[in-house]
Amino acid sequence: RIVLEKIWKEEPMGKIFKGREVADNISEKLVKRVDELKKKGKSPTLAILRVGVNPSDLAYERGAVNRAEKIGVKTRILELDETSTTDEVLEKIDVLNSDDTVHGVLIFRPLPKHIDDDKVRNRLKADKDVDGIGDVSMAKIYRGDTSGFAPCTAKACIEILKHFDVEIKGKKAVVIGRSMVIGKPVAMMLLNENATVTICHSKSEKLSKIIAENEIVISAVGRANTVTAECTCGNQKIIDVGINVHESGKMVGDVDFENVFGEVYGITPVPGGVGAVTTSILIDHVVRAAEMDCNRK
Ligand code: NAP
């Protein structure tokens, strides 16, 4: 019995795909690339445009600024009052578009309801669209053109799979959620990696059965217990994008982690999974934007 317990402790049944490990690996490589850029006189810079003071935007902003500082990327924060008009936001974007010292721009969305989201997201130059919000960036993902920037959370899902050597090519993958921010782009990115992809949503029938049939499961719903132990089995790799706050105040994902972990090959925790990787991807995009700018000149 003692021997069995020892084996179990050393070789747990489920792997935890820890975001921190992926993020640190990305950051380590970025430090070297930033040094190279600085030798060429270029200091990669991210501008953050925020309308209002939404607490979750502020939390993400702090994380992005910290990550950028550690890597040597400069940040500049532009805060607009939440009563700002669409034209005022567009004016700021025009200034950032023409500022050669800014290489990437992050615009927090959703914007206040009175602001025209389509105008805002498509005003930003594609070269600086480091969170892939514009139609040009999105079209590139659909075409399988890797010269643009994908939405950072969607890209984080793919990077986690790659970091933990999960084979995507030829595998069946299901994405639960079809938003333009995560579900649709991550499904296209899996397709570009040659997975066989199914997309599910709130009207999908027999969701549990579909989940059980797929080796890779990406859940981006925003509903706790969307993925339970009933629909999971040994070989599955699960990426939990969802963020839900439990009645007790505890943050949980879409997956019933406690009961699913141990039943599957691997799973991302919440917190400490996808969210931990997203800011590293953002900074990676800023560095790539600065490198592309360097190559153009
Ligand atoms: P969203 O725009 O609300 O989209 C949610 C999607 O889930 C929709 O496509 C919806 O289907 C689908 N859905 C809702 N109920 C469902 C059900 N019962 N069964 C199957 N599908 C269902 O949300 P989002 O912006 O994509 O974000 C998804 C989650 O990711 C949220 O919890 C969000 O907080 C989290 N998030 C995490 C990060 C991170 O870094 N970890 C970043 C951003 C967002 P319909 O299209 O039919 O309505």
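Trainee: At what angle do helix H2 and helix H11 pack?
Mentor: Helix H2 (residues 19-39) and helix H11 (residues 274-296) pack at about 20 degrees with their axes 9 Å apart, where helices are DSSP runs of H or I with at least four residues, strands are E runs of at least two, and both are numbered from the N terminus. Axes are lines fitted to C-alpha atoms, for helices over the stretch in contact, and angles run from 0 to 180 degrees between N-to-C directions. H2 and H11 are therefore roughly parallel, the label for angles under 35 degrees.

Trainee: How far can I trust that?
Mentor: This is a predicted model, in which local features need pLDDT of at least 70 and side-chain atom pairs count only at pLDDT 80 or more, while totals for chains, interfaces and linings use all residues. Residues are numbered from 1 along each chain as its sequence is written, and side-chain values use heavy atoms, leaving out hydrogens and water.

Trainee: Switching to the sheet, in what order do the strands run?
Mentor: Three strands form an open sheet in the order S3-S2-S4 with parallel pairing, and two strands pair if DSSP finds at least two bridges between them. The edge strands are S3 (74-80) and S4, each pairing on one side only.

Trainee: And which residue of S4 is the bridge partner of Leu 49?
Mentor: Leu 49 has Ile 107 as its bridge partner in S4, and Ile 48 has Leu 106.

Trainee: Are the faces of S4 covered or open?
Mentor: Both are covered, with Gly 104 and Leu 106 on one side and Val 105 and Ile 107 on the other all buried, meaning under 20% relative accessible area with a 1.4 Å probe and protein chains only.

Notes: Parallel < 35°, antiparallel > 145°, perpendicular 65-115°, else oblique. Buried < 20%, exposed > 50% of the residue type's maximum accessible area, 1.4 Å probe, protein only.
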